Amino acid sequence: MAEEARKQTRKSKLGTVEDALALVHDGMYLAFGGHVYFNKASHMVRAIAKKGVKDLTLSGSPYASYELDLLIAVGAARKVMVGNLGFEYLGLAPNFRKAVQQGTIESVIGDEATLVGGYMATAEGIPYHPIVSLRGSDVLKVSTLAKEYIAPWGGEKIIAVKALNPDLAILHCQEADEFGNGRYKAQPYFDQIIAKASKKVILTTDEIIPHDYVTKAPDKTVIPGFMVEMVLHLPFGAHPCMSTRNYLHDEAHLKEYIQCSQMSLKEGQTEALDEYLRKYVYEPEDIYDYLDRVGGLKRLTELKLMMAQGRDY
Amino acid sequence: MATSERRCSWAEQMAVVFARDMKDEDIAMMGGARHDIPFAAVMLAKNLYCPNMTVITTGCYVNPTLTAMHYSGHTSVLYSRDADAIINGYDIFEVSETGYISFFFYHGIQLDKHGNVNLHFIGDWKKPTIRGPGAVNVSMAVTPNRHYLFPIRHNKRTFVDKVDFVTLPGFLDGGTSRKDIGIKGGGPCLCASPLGVFDFEEKTKRMRVKSVHDWVTMDEIVENTGFELLIPDKVPTTQLPTDDELRMLREDIDPTGILRGLAGRL
């Protein structure tokens with residue numbers, strides 16, 4: 001009897017996109033996991049964009065990409081804290097550039113040490129983290145995240161980077177169980193430290209695995225479920241970004257996004273971007289509708305195969 | 001002279017210049033927002049000259065096995081599957097802060113006569129005419145022993161007297177100014193561009209011509225540089241790739257010819 005009672009206390013953390021959106025409000029500070037265009041919780045990003053949330057503060061890994069640029073494109077962002085924001089070999093982030101050049105968002109300049117140091121400070125329960133590596137850079141002069149101070153021992157000038165405490169971290173992993181134990185098939189990048197620094201964590205995953213897969217190989221758990229508020233089963237949820245080892249980024253789709261966005265850099269030519277957003281962000285009813293619109297099972301299978309074979313496109 | 005008539009492309013020449021400068025005991029950080037030339041240089045050195053060199057990628061792989069290059073450096077390494085270890089972003093933070101890394105690569109939208117690099121703003125940073133990509137990691141210009149500069153365009157807009165914004169400190173205002181503010185890392189040691197190879201004079205820390213690529217003249221370099229370069233009396237021609245270097249580059253590292261097809265140069 002007691003055994004049964006104990007079993008009943010462990011609740012599944014599986015949620016729907018709607019459940020997760022109920023946790024997202026205007027003015028919040030959201031942090032995204034992944035790196036460059038890998039392991040992005042892209043479907044949640046589109047869902048947040050569709051909900052019409054405003055005045056968000058955003059950060060993530062020191063190399064942000066699709067997730068921040070899209071939220072800037074739909075006008076959801078008030079402030080972004082970034083190192084590099086771009087698409088690596090595919091080019092710069094058009095909506096970010098436009099917003100900064102037109103002064104429509106606040107862009108706080110940081111880098112790897114600034115952002116990761118900021119997450120570490122929160123994880124350690126202190127207001128800042130000491131670093132040395134911004135010395136001599138103008139980033140130190142213009143960033144609101146970094147200040148110099150004199151070390152209490154040795155008298156050396158040290159740089160304090162401000163603690164970052166996101167209201168919500170939104171991460172994507174390759175597989176998780178229903179209790180939110182997240183596993184990655186390759187590198188987790190900065191996801192662990194972002195999770196530790198955030199008040200709540202939403203984990204999206206390509207695949208839900210049985211709980212006993214986790215308990216039989218606990219060394220493979222990267223994000224332990226106790227840190228996770230909610231886990232969402234979103235197959236191909238990182239598309240058009242890569243989910244490492246599962247499927248490749250959709251280069252053609254990212255190019256379409258970048259091209260449509262670049263046209264809007266010119267005054268008054270927002271039709272292409274509006275059309276893109278209508279087709280892929282505002283109209284899709286759910287992830288399956290979205291996946292059909294980007295080429296359906298055929299295209300997604302291609303992306304899986306390309307990843308498996310290490311093939312060029 | 002068309003590339004096809006030359007022994008190698010400018011990008012291949014740059015990769016070879018850097019590869020030859022690496023040492024067996026180095027701990028290389030490989031990666032960055034632009035990945036092609038660093039990837040080729042490190043893979044060439046590791047597999048031809050420096051078998052004991054440790055290679056850590058910004059994508060968190062340690063000693064990835066040799067794999068063919070893809071436009072996306074990050075993807076190239078992901079394809080390889082094999083590595084000594086996979087680490088995480090916090091590990092990268094650690095090695096970035098401590099000076100544990102021997103070298104890293106940077107390019108930029110501007111670089112100046114003292115090796116400072118701008119990746120952020122053209123014009124005033126408060127109201128820029130161009131907002132560049134920014135930097136993932138400034139620390140690799142501050143804490144390691146040395147870093148390499150690999151500008152992929154050599155013209156008066158990129159080689160400027162003074163950068164509009166110092167994203168990555170080189171020798172700042174020259175002389176001892178880098179040391180004076182307490183930076184322990186050595187600074188930019190070598191710059192290879194599509195036109196030539198450059199280093200920094202010991203006292204003034206001003207950029208100096210080290211060699212001129214085989215198909216380039218000194219006049220061409222001077223005409224395309226926005227500041228006065230130090231030019232020694234005798235400047236050699238950059239040593240072309242050897243047969244072994246070229247074979248490994250074209251057969252193993254870059255079989256699809258990415259480094260032969262790069263646009264740009266001037």
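**A sheet in chain B**

In chain B, five strands make up an open sheet of mixed pairing, in the order E5-E10-E12-E13-E14; helices (H or I, at least four residues) and strands (E, at least two) are DSSP runs, numbered from the N terminus, and two strands pair if DSSP finds at least two bridges between them. This is a predicted model, in which local features need pLDDT of at least 70 and side-chain atom pairs count only at pLDDT 80 or more, whereas totals for chains, interfaces and linings use all residues. Residues are numbered from 1 along each chain as its sequence is written, while chains are lettered from A and ligands numbered from 1 in the order in which they are written.

- The edge strands, each pairing on one side only, are strand E5 (105-106) and strand E14 (207-212) of chain B.
- Strand E13 (residues 196-200) of chain B runs antiparallel to E14(B) and is joined to it by five bridges, and Phe200(B) stands opposite Met207(B) in E14(B).
- Helix H1 (residues 10-21) of chain B packs on the sheet, where it touches strand E10 (147-149), strand E12 (188-192) and E13 of chain B, and its direction makes about 155 degrees with that of E12(B); axes are lines fitted to C-alpha atoms, for helices over the stretch in contact, and angles run from 0 to 180 degrees between N-to-C directions.

**Chain B as a whole**

- Chain B contains eight helices and 14 strands, and its radius of gyration (taken over C-alpha atoms) is 18 Å, close to the 18 Å that the globule rule (2.2 Å times the number of residues to the power 0.38) gives for 266 residues, so it is as compact as a globular protein of that length.
- Of the 266 residues in chain B, 53% are buried, meaning that 20 or more other C-beta atoms, placed from the backbone, lie within 10 Å of a residue's own, with exposed standing for 12 or fewer and partly exposed for the range in between.

**One loop residue, Val235(B)**

- Val235(B) lies in the loop between helix H6 (218-223) and helix H7 (243-253) of chain B, and it is partly exposed because 16 other C-beta atoms are within 10 Å.
- Leaving aside residues up to four places away in sequence, Val235(B) touches Val209(B), Ser211(B), Val212(B) and Met218(B), a contact being two C-beta atoms, placed from the backbone, that lie within 7 Å.

**Chain A**

- Chain A has 13 helices and 14 strands, and its radius of gyration of 20 Å is close to the 20 Å that the globule rule gives for 313 residues, so it is as compact as a globular protein of that length.
- Buried residues account for 53% of the 313 residues of chain A.

**Where the chains meet**

- The contact takes 43 residues from chain A and 41 residues from chain B, and the largest share of the side of chain B that touches chain A, five residues, comes from H4(B).
- That side of chain B divides into 22 nonpolar, 15 polar and four charged residues, where Ala, Val, Leu, Ile, Met, Phe, Trp, Tyr, Cys and Pro count as nonpolar, Asp, Glu, Lys and Arg as charged, and the others, Gly among them, as polar.

**Confidence**

- Chain B averages a pLDDT of 91, and 94% of the residues score at least 70, pLDDT being the predictor's confidence in each residue, from 0 to 100.
- For the complex, the predictor gives an ipTM of 0.91 and a pTM of 0.93.
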